[in-house]
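Welcome, and take a moment to look over the model below.

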Amino acid sequence: MAEKFIIEPTGRLMGRVEIAGAKNAVLPVLAATLLTGARSVIQNVPDLSDVESMCCLLEFLGAKSSFNKSGGELIIDTDNITTYEATYELVGRLRASFLVMGPLLARVGRAKIPLPGGCAIGSRPVDLHLKGFAALGAEVDHSHGYVTVTAPKLTGAKIYLDFPSVGATENIMMAAVFAKGKTILENCAVEPEIVDLANFLNAAGANIRGAGTDTIKIVGVNDLHPTTHSIIPDRIEAGTFMVAAAITRGDILLCNVMADHVKPVTAKLKEVNILIEELEGGIRVRHDPSQGLISADIKTLPYPGFPTDMQAQFMSLMATAQGTSIITETVFENRFMQVGELKRMGADIKIDSRSAVIEGIPRLAGAQVTASDLRAGASLVLAALNADDVTEINGIHHIDRGYFNLDTRLNNLGAKIKRVEVEVK
């Protein structure tokens with residue numbers, strides 16, 4: 001049974017919200033548990049459909065998992081891996097499923113994975129992953145929609161990434177954990193989620209240095225041991241709640257958030273006249289009634305630039321700001337999929353290649369809209385909070401992939417969101 005959101009007009013969102021563990025950090029860490037061959041305890045795990053999909057994939061490979069959802073603790077036992085091949089049905093749900101390739105290659109010398117699924121936000125080729133595996137000594141074969149990598153043993157190498165891809169950095173780093181000698185990975189992505197993955201692996205006995213910089217050095221080890229690891233807070237969820245405070249001209253205290261991780265969002269919110277305070281208990285985001293919300297220009301870039309995963313949410317905010325804003329998307333070529341739906345809500349947006357020109361209006365209008373992907377879905381929820389009539393959002397399974405109980409948590413701040421079942425004909 002499909003579901004949709006019905007969102008009524010709301011006033012200022014007020015109160016306190018706890019930020020969940022990062023989706024983009026927990027998924028690679030779960031893949032990395034394949035390297036331990038033992039029982040890993042992962043804490044601060046968000047209860048998301050993407051996490052469930054990754055656990056299903058690991059269980060298909062032979063792992064056992066137990067998730068205490070209320071406590072956010074996930075136990076994964078990867079002692080008995082029974083297959084190196086994943087099915088299309090499992091991998092098609094989740095792009096991050098491709099991250100099991102590096103650990104499988106390192107541990108059992110072979111992996112066969114279908115080309116991954118995920119949100120349809122543009123071309124995200126896996127060639128950088130495969131080039132890295134080949135540099136470590138693996139043979140790569142493409143046939144019938146599957147990628148097979150084989151290597152009786154892996155040997156450390158110097159690898160330069162043509163683009164600082166997060167997924168490629170993570171996958172190659174995991175594959176190199178057991179490679180003989182030293183691997184030097186250059187032009188790496190520097191996202192906090194990569195640091196979190198390296199911290200997990202190092203706690204389990206890996207020898208990784210430089211994560212969070214553009215050069216990572218991995219000295220191969222013989223094995224890893226069980227460990228307990230807590231996932232970092234989700235910077236994109238934090239950014240989404242920050243925009244929720246701004247678009248409703250509200251006042252929200254975000255707890256369990258790392259201020260350094262949201263600096264680009266903080267800077268832009270300050271630029272549009274939103275007040276940000278870093279407090280001992282978190283980050284307070286509020287609107288000063290004496291200051292109007294003004295336009296700003298944004299260009300998405302790899303971390304530490306403005307995150308592509310916050311572009312859609314910020315577009316909803318700029319649709320209600322005074323003046324003209326220009327948002328330029330440089331990371332993915334098809335990430336303006338929310339524009340058509342926002343225009344149905346009255347937004348004045350024009351697309352010119354990879355830029356969106358937004359003329360702000362005082363308030364959006366309620367409408368029937370559909371989420372095309374995770375972050376586009378979040379942008380529609382934020383837009384609905386500002387709308388002057390009821391908004392219905394279909395396709396909310398995309399939102400559930402990356403936000404834990406978004407409707408309930410916004411309602412706790414004063415929103416009026418109902419989740420209702422929709423009969424599929």
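In what order do the four strands of the open sheet stand? Keep in mind as you look that this is a predicted model. The order is β21-β22-β1-β23, and the pairing within this open sheet is mixed. Strands β21 (368-370) and β23 (417-422) are the edge strands; each has a single partner, so one side of each is left without a neighbour in the sheet. From one strand to the next, the twist averages 25°.

Strand β1, made of residues 2-7, is joined to β23 by six bridges, and the two pair in the antiparallel sense. If you find Glu3, you can look across to Glu421 in β23, which stands opposite.

Now look for the helix that goes with this sheet. Helix α12 (residues 374-386) lies across β1, β21, β22 (391-394) and β23, and it runs at about 30° to β1.

The axes of α12 and helix α8 (residues 235-247) come within 9 Å and cross at roughly 20°. That angle makes α8 roughly parallel to α12. The crossing of the two is right-handed. Which residues of α8 and α12 meet? On the α8 side they are Ile236, Thr240, Val243, Ala244 and Ile247, and on the α12 side Arg375, Ala378, Leu382, Ala383, Leu385 and Asn386.

Is Gln313 buried or exposed? Gln313 has a relative accessible area of 0%, so it is buried. What about the rest of helix α10 (residues 311-318)? Eight of its eight residues are buried, so α10 is largely enclosed by the rest of the structure. Besides Gln313, the buried residues of α10 include Gln311, Ala312, Phe314 and Met315, along with Ser316, Leu317 and Met318.

Strand β18 (residues 324-328) and strand β20 (residues 355-359) run antiparallel and are joined by five bridges. Here Thr328 has Ser355 in β20 as its bridge partner. Strand β19 (residues 348-352) also pairs with β20 in the antiparallel sense, over five bridges, and Ile351 stands opposite Ala356 in β20. β19 and β20 form a hairpin with two residues between them, and Ser353 in the turn has a positive phi of about 60°.

There is another open sheet to visit, built from three strands in the order β6-β8-β7 with antiparallel pairing. At its edges are β6 (110-114) and β7 (139-143); each has a single partner strand, so one side of each is left without a neighbour in the sheet. Neighbouring strands of this sheet are turned by 15° against each other on average, direction ignored. Five bridges link β6 with strand β8 (residues 146-150) in the antiparallel sense, and Lys112 stands opposite Thr148 in β8. Helix α4 (residues 101-108) lies across β6 and β8, running at about 155° to β6.

Finally, the cysteines. How many disulfides does the structure hold? It holds zero. Cys56 shows how this can come about: its sulfur is 7.2 Å from the closest cysteine sulfur, in Cys55, which is too far for a bond. You will find Cys56 in helix α2 (residues 49-60). Cys56 counts as partly exposed because its relative accessibility is 27%, whereas Cys188 is buried, with a relative accessible area of 3%. Leaving aside neighbours within four places in sequence, Cys56 is in contact with Leu90 and Arg93.

How values were computed: Residues numbered from 1 in each chain as written. Predicted model: local features only at pLDDT ≥ 70, side-chain atom pairs only at ≥ 80, totals over all residues. Heavy atoms only, no water. Pairing = 2+ DSSP bridges. Axes fitted to C-alpha atoms, helices over the stretch in contact; angles between N-to-C directions. Contact = heavy atoms within 4.5 Å. Disulfide = S-S within 2.5 Å. Buried < 20%, exposed > 50% of the residue type's maximum accessible area, 1.4 Å probe, protein only. Parallel < 35°, antiparallel > 145°, perpendicular 65-115°, else oblique. Left-handed = near helix turned anticlockwise from the far one by under 90°.
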